[in-house]
Amino acid sequence: MPRALENLKRTNLPSFGELHFPLDKAKIGMPQLVSRGNRPLKMTFDDQLNALIFFHLEEHTSAQHLLQVLEEDDFARNNIAPEEGIKKSSFAEAINNRGLEQLSHIYRNLQTQAIEGLPKEYGKLGDLISIDGSLIDACLSMQWADYRKGAKKAKVHLGFDINHGIPRKVFLTDGKGPERPFVSMILSPGQTGVLDRGYQAHDLFDLWQDEEKHFVCRIKAKTKKTCIERKEVNPNSNIFYDAIVLLGTPAINQTKMPVRLVGYIADGTKYWVATDRYDLTAEQISFIYKLRWDVETFFAWWKRHLKVYHLIARSEYGLMVQILAGLITYLLLAIYCRNQHNEKVSIKRLRELRTNIQNEIRLATTSVDESHHERHSVSSYYASP
């Protein structure tokens, strides 16, 4: 058993242990991380994983901040850091060069656990995956993160499981990386991608249907529409259009396969949404598109409360390690909040967890000090003449 988990049992920190508990199952079948040379690893994969989760959970703002805490904080030094401590160079080497295969394995397995344990909120609407990209500010030395002159950015491309409220497939590119090609990579056959109008591409609408991957995608209002069959709409509904159409200009960019086009009004704004979902009502289609904002909410919460974009890595490999660790932390929180409170992840429960861990640390430290004092007193008594 890893030293950190032994210490968790020894010092009796139930909240921290409960948060980490799903990792035991997630590690089953994980490829082992081994040293590339003859010397043993100064930082094992368990050390690396625990440090990264601790970094996001406790809102550290930099690698230097984390390393200082690992050296000076009693709990972090005894339960998170390697036994002999960790130097900045060793930490940087570990984050930027190894652990990605192992983290990917854990991330996939934690998703499976979350899907099995979390309720499916919109099951009747199908397997809904909201897809979006998010820019990450990078430092100028990160030459691979091209964006524009004088600015470096990377971009995360993420599929968010709307039904279970958890992140799914994730990819990383430079800031200029196109978003549309990742739809096919993120979606599995039978799933429905929920997309903003930046993903509108008529050739891809054809491709996704060929791949049996569904979509609910907002399109630009000025898009040329050739109506094939118009359906009746309820005059008392917010739906003003429901038809089977071809999108685009013939012989230029028109879809080869018909799509369903739903028009509706929300908060005074007209929305046009293209889809290949003919099994749902127009009202359900409009509702699904509204759910697209779940991925925006996730990105905002993830950035703000888990400090995911405070960079502790500079290489593309290392940044992906950090991103996966942040997603793993969120999955652990999702499972923890459901098991402990039957709720979704919230800042209230995150703050409560942090407070509980700190209280348990203080209680455990007090207990250890009292036990040490008691043993010292007994030893002194028997040593007295």
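Predicted model: local features only at pLDDT ≥ 70, side-chain atom pairs only at ≥ 80, totals over all residues.
Colleague: Let's start with His20. Where does His20 sit, and is His20 buried or exposed?

Modeller: Buried means under 20% relative accessible area. His20 comes in at 4%, so it counts as buried. Its place is in helix 2, residues 14-20. Leaving aside residues up to four places away in sequence, His20 touches Asn50 and Ile53.

Colleague: On to charges, then. How many salt bridges does the structure hold?

Modeller: The general idea is that side chains of opposite charge can pair when their charged atoms come close. This structure holds 14 salt bridges. One of them joins Asp46 and Lys27, with N to O at 2.5 Å. That pair links distant parts of the chain, 19 residues apart: Asp46 belongs to helix 4 (residues 45-57), while Lys27 lies in the loop between helix 3 (22-26) and helix 4. Asp46 is partly exposed, at 21% relative accessible area.

Colleague: And which residue forms a salt bridge with Lys153?

Modeller: Asp137, with the closest N and O atoms 2.2 Å apart. Here the link runs between strand 3 (residues 151-161), which holds Lys153, and strand 1 (residues 128-138), which holds Asp137; the two are 16 residues apart.

Colleague: Which residues do salt bridges with shared partners join into one network?

Modeller: Asp132, Asp196, Arg292 and Glu296.

Notes:
Residues numbered from 1 in each chain as written. Heavy atoms only, no water. Helix = DSSP H or I, 4+ residues; strand = E, 2+ residues; numbered from the N terminus. Buried < 20%, exposed > 50% of the residue type's maximum accessible area, 1.4 Å probe, protein only. Contact = heavy atoms within 4.5 Å. Salt bridge = Lys/Arg side-chain N within 4 Å of Asp/Glu carboxyl O.
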